[in-house]
Structure formats: structure tokens, C-alpha cells
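This report examines a set of paired strands and a helix packed against them. The sequence and structure are shown below.

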Amino acid sequence: MPPVRIVEVSVDRLPDVEHLTRALHEHHRTVDPGIPGIPPRDVDAWWAIRRDRYESWLTEPDTFVLLAEEEGTEHPIGYALVTFHDTDDSHTTGTRFAELQSLVVEPDRRGTGVGTELLHEVYRQVRRCGVEEMVIGVLATNEPAKRFYEREGFRLWVILTLGKVPDPDARA
């Protein structure tokens, strides 16, 4: 595999990550926990929502997106996007903590170290912002991602549940 270079980019490069975000969506569909009544969105709707969120987040202070590109090209084979939040209310953090919103690697490049290179550059950028804590969300059934982050020292913290709101007055 050709060497990879990690570069920080601005919002104008978001179109370059669309193919990666769509690949992430397809991966999520393979590990989706199958919540009754709440199916995954179609990929076009998912990308539209994700793109709008990325554009909004990238207006916030210190938020950044990193691209992994094959050396000598501008073709992204992975990306990471990080936002920042104020002090956590339940744990002793600094005045801010980071959140890894997305880390994506092309399917045929997974397991080659690209994700680790991206994550390590995320750490460098976060620490340059004076932040020492980061939260990472992972689908509950995405075992490979959970193992990846656990190898990096992250542990399960908060478990979110999703379901349809029952009607307590409905008769069975």
C-alpha cells in the first residue's frame, strides 16, 4: 500500500468525503442492532443530514476534519472529524473535552493502519487545543470498532438506548 499523509482541511473539502461517509453508512447497516420500528435511513438522506451537521460543526471553535490521503494524491481514503464540548458534568475533565464524531476508512483499507494513523493525529490535534479527554460514540453492535478504541485505552462509558415511545394508555 502507498504511504498515507494526514492533512487538516476546511469545509470546502466535505464533498471529497461523501464516498467515505456512504461507505460508513453501508458498514453501519451491516452492524445495525435492528431496532423495531426505527430502520436505518437510506444513504442519500443520511449523507444530507451528516453533511449539514459537518458544515455546522465546522463553524464551531477548534472543530477540525482530517483527511488521510495516499501520498502524492488528493484522494481521501479516510477521515476523522472532531468537535469540542464544555466540561462534562459527571466526570472530572478539563474545561473542555473532545468528541470524535466520525472516523472512517475505505473498506479495502481497513486493517492497514490508516485508522490508527488518523486517530493518532486526532490525539495530537486535540492535545494542541489543550484538551486531554475525548468521547467516542460507537454503535453498540459494532464489535470491530469497539475493540479498536479499547486497544487505544477507551472504555465503554454511557450506553444510550433507542426505541419507539410506548403509549402507556393503549390497551393490549
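## Hairpin of S2 and S3

Strands S2 and S3 form a hairpin with 5 residues between them, and Gly 72 in the turn has a positive phi of about 85°. Strands (E, at least two residues) and helices (H or I, at least four) are DSSP runs, numbered from the N terminus. The model is predicted: local features need pLDDT of at least 70, side-chain atom pairs count only at pLDDT 80 or more, and totals for chains, interfaces and linings use all residues. Residues are numbered from 1 along each chain as its sequence is written, and side-chain values use heavy atoms, with hydrogens and water left out.

## Pairing around S3

Strand S2 (residues 64–70) pairs with S3 in the antiparallel sense over 6 bridges; two strands count as paired if DSSP finds at least two bridges between them. In this pairing, Ala 68 stands opposite Gly 78 in S3. S3 also pairs in the antiparallel sense with strand S4 (residues 96–105), over 9 bridges, and there His 85 stands opposite Phe 97 in S4.

Strand S3 (residues 76–86) is mostly covered, with 9 of its 11 residues buried. Buried denotes under 20% relative accessible area, exposed over 50%, and partly exposed in between (1.4 Å probe, protein chains only).

## Helix H3

Helix H3 (residues 114–128) has 15 residues, which at 1.5 Å a residue should span 21 Å; the end C-alpha atoms are 21 Å apart, in agreement with this. The expected span is 1.5 Å times one less than the number of residues.

Its buried residues are Val 114, Gly 115, Leu 118, Leu 119, Glu 121, Val 122, Gln 125 and Val 126. Seen down the axis of H3, these fall within an arc of 165°, so they line one face of the helix; the arc is that of the directions from the helix axis to the C-beta atoms. On the other side of H3, Arg 127 and Arg 128 are exposed. After H3 comes Gly 130, with a positive phi near 80°.

Glu 117 lies in helix H3 and counts as partly exposed, at 36% relative accessibility. Apart from neighbours within four places in sequence, Glu 117 is in contact (heavy atoms within 4.5 Å) with Val 4 and Ile 6. The C-alpha atoms of Glu 117 and Ile 6 are separated by 7.8 Å, although the two residues are 111 residues apart along the chain.
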